[in-house]
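Please keep the sequence and the structure in view while reading.

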Amino acid sequence: MAFREYKIGSRLFGVALGGSMVITLYMPTVDMTSVAVTEMGLTKQLSYGRIGGFSYEDPFLRGDGKPKTVVLNKDPKTNEPIETVQAFVYEAGTPFPSGINHPRTLGPGATELSTAQGRIEEANHDNGAVFVISRATHNGETVNYIENASATRGWQPSQVLNAAGDANTHLIGSGKIMFVREGCWWCHTLLPEQTQDWQYFGIPPRLGDYNGESPTAFGSDRKAPDLLHVGSRNASKEWMMMHFFNPRLVQPHSIMPRYDYLWGENDADGKAIDYDAWRTAYNDYAHGKTVIPPDVPNYAADSEIRYLIDFIMSLK
Ligand code: HEC
């Protein structure tokens with residue numbers, strides 16, 4: 001008797017688990033495959049890499065296992081000048097993003113072109129690969145697709161990184177991990193608001209509507225500017241450095257926390273950063289004892305702040 005109930009229970013559990021897997025894993029792909037991926041969609045997935053959160057490659061969210069985004073002005077094989085192109089370099093072992101693993105999710109046209117012309121199925125995870133975004137006409141429409149430049153142009157990851165040089169290499173994928181790990185999303189969105197439909201959603205709140213409410217629920221107010229296109233309105237790396245080291249250096253009343261610890265222990269010249277001395281000098285400045293704030297250290301090439309700034313400035 002009891003055994004029969006176990007059998008019913010385990011079947012029901014199987015149905016519930018199966019159903020929820022269909023909803024979470026299968027149904028989103030149906031939705032995705034009905035729309036062709038945009039150029040922004042391709043740029044994002046190719047520069048961010050496979051997963052943007054906890055994963056086997058990066059359990060402690062250090063930005064490991066991510067591709068590098070480079071800007072090329074010359075053909076890395078022939079050294080001939082070419083029209084500037086953005087290339088996404090997956091060194092050996094770097095996991096590929098979903099569009100490469102599941103071309104179907106790229107949507108109408110992009111799937112066919114990426115496979116036939118782009119030869120993405122020839123990309124080899126163990127050797128690494130270099131991808132670029134190309135464009136072609138498919139059924140009368142202009143479609144963006146992924147080109148596996150390792151197959152079509154013979155570009156190898158190390159060749160491309162050498163040709164670009166460190167200054168033209170951007171660690172955008174690792175930076176997105178910093179954005180997630182540091183909780184920037186607590187205050188910032190990556191979704192500019194459109195005019196809301198008041199008829200449907202009701203009127204927006206007024207300032208006084210929050211008097212005395214504690215805590216206000218997550219999402220009930222806007223704490224900070226939207227960042228989806230921040231790289232278009234502010235392209236100054238120097239400003240970003242000052243603002244991340246201590247936002248009050250550039251916005252005296254900012255509520256944004258400082259992220260100076262992302263600089264790590266040493267600066268660009270390998271010298272230890274003396275945070276205590278910096279803060280003492282900054283406090284003197286903030287209290288009007290000196291007129292010039294202390295300089296923000298130049299960050300090391302492998303520092304977490306480099307990742308974050310590369311990510312923020314890629315948001316065009
Ligand atoms: C407590 C809320 C808060 C958090 C957390 C926060 N910010 Fe901000 N941020 C602000 C506010 C408020 C401003 C506008 C005032 C200013 O510039 O400091 C701002 C401004 C910015 C700007 C300039 C925006 C523009 O329109 O030019 C950038 C870039 C930025 N934040 C990035 C980040 C990143 C990256 C993180 C995470 C590492 C982060 N912020 C975390 C509140 C926050």
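## Basis of the report

The model is predicted: local features need pLDDT of at least 70, side-chain atom pairs count only at pLDDT 80 or more, and totals for chains, interfaces and linings use all residues. Residues are numbered from 1 along each chain as its sequence is written.

## The chain as a whole

The chain contains 12 helices and five strands. Here helices (H or I, at least four residues) and strands (E, at least two) are DSSP runs, numbered from the N terminus. Taken along the principal axes, the box filled by the C-alpha atoms is roughly 75 × 70 × 50 Å.

Of the 316 residues, 27% count as buried. A residue is buried if 20 or more other C-beta atoms lie within 10 Å of its own, exposed if 12 or fewer, and partly exposed in between, with C-beta atoms placed from the backbone. Among contacts between residues at least 6 apart in sequence, 69% join residues at least 24 apart. Two residues are in contact if their C-beta atoms, placed from the backbone, lie within 7 Å.

## Helix 10 and helix 12

The axes of helix 10 (residues 237-245) and helix 12 (residues 304-314) come within 11 Å and cross at roughly 125 degrees. Helix 10 is therefore oblique to helix 12. Angles under 35 degrees count as roughly parallel, over 145 as roughly antiparallel, 65 to 115 as roughly perpendicular and the rest as oblique. Axes are lines fitted to C-alpha atoms, for helices over the stretch in contact, and angles run from 0 to 180 degrees between N-to-C directions.

Which residues meet in this contact? K237, M240 and F244 in helix 10 meet I305, L308, I309, I312 and M313 in helix 12. These residues divide into seven nonpolar, no polar and one charged. Ala, Val, Leu, Ile, Met, Phe, Trp, Tyr, Cys and Pro count as nonpolar, Asp, Glu, Lys and Arg as charged, and the others, Gly among them, as polar. In helix 10, M240, H243, F244 and F245 are buried, and helix 12 is included in what covers them.

## Residue A110

A110 lies in helix 4 (residues 110-116). A110 is buried because 27 other C-beta atoms lie within 10 Å. Not counting residues up to four places away in sequence, A110 touches A36, V37, V143, N144 and Y145.

## The ligand

Around the ligand there are 22 residues, of which C184, C187, A224, S254 and M256 come nearest. A residue counts as near if its C-beta atom, placed from the backbone, lies within 6 Å. The shell divides into 15 nonpolar, five polar and two charged residues.
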